[in-house]
Amino acid sequence: MKTLIAALTITAVYGFSGPSMAANEWGLTNEEVVRFDGTVVDVLATLTGEPSSDCGGGHRQIGILKADGALVLTGKNSLNFTGTTHELAEFCGQEVTVDGLMTGHSGTTFMVVQFVRPKGGEWRSTKRSIGQWSKAGWAEANGYKADGPESNRWFDNDKRILEALGKDGFLGVGKEADEAFLKE
């Protein structure tokens, strides 16, 4: 009977306390489930002291600056191989609560943000890029038909990717580095 009462008490306290968001464990190396408050910042601007009111317009690495001064790099959202910039840029300079996984290797750590809640706001999952990166979403955003050849190979036709490759090359360090690499 005591066990039943204890189980009902735990259920009442934790099971019916309203909707909550909690990170899902993924089995990453050195993974730790974390939740903390902080301010969404442009990492480069924070490290160099330069002003940035829009976090680089969504083109720069975003982090979370905690009240104790610790700067947490955000590396991913809750989808594989997509960034947190898209999820957090609208909160630039604002206080948020983030929930997710901290992971790292050899002294480098970063956070996989799975949920975000602006101060006084509602939790939301960091999966907004699904619609934008879906075939139909990508086609609509880029002026193509969802069933067109450009959409089937979106990665060859995405203007942002083409612009980045044109500017920094495939290796991200310039076209000369690409040419030297390809000669080897």
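Okay, let's start with the inside: of the 184 residues in this protein, 29% are buried, where buried means under 20% relative accessible area, exposed means over 50%, and partly exposed is in between (1.4 Å probe, protein chains only). Before I go on, this is a predicted model, so local features need pLDDT of at least 70, side-chain atom pairs count only at pLDDT 80 or more, and totals for chains, interfaces and linings use all residues. Residues are numbered from 1 along each chain as its sequence is written, and side-chain values use heavy atoms, with hydrogens and water left out.

Now the overall layout. We've got 9 helices and 6 strands; these are DSSP runs numbered from the N terminus, with helices being H or I of at least four residues and strands being E of at least two.

On to salt bridges. Side chains of opposite charge can pair when their charged atoms come close. The rule here is a side-chain nitrogen of Lys or Arg within 4 Å of a carboxyl oxygen of Asp or Glu, and the count comes to 7. Take R35 and D99, whose closest N and O atoms are 2.7 Å apart. R35 is in strand 1 (residues 32–42) and D99 in strand 4 (residues 95–105), so this pair links parts of the chain 64 residues apart. Buried or exposed, what is D99? D99 is buried, at 3% relative accessible area, while R35 is partly exposed at 43%.

Next, D42 and R60 form a salt bridge at 3.2 Å, N to O. D42 sits in strand 1, and R60 in the loop between helix 2 (43–48) and strand 2 (62–65). D42 is buried at 2%, and R60 is partly exposed at 25%.

Then there's D158 with R160, at 3.4 Å from N to O. Here D158 is buried at 0%, but R160 is exposed at 52%. Back with D42 and R60, shared partners bring in E50 as well, making one salt-bridge network of the three.

Let's look at Q114 in strand 5 (residues 108–118). Q114 is buried, with a relative accessible area of 2%. Leaving out residues up to four places away in sequence, Q114 touches several others, including W26, D99 and R124; a contact means heavy atoms within 4.5 Å.

Last stop, helix 9 (residues 175–183), which holds F181. F181 is partly exposed, at 48%.
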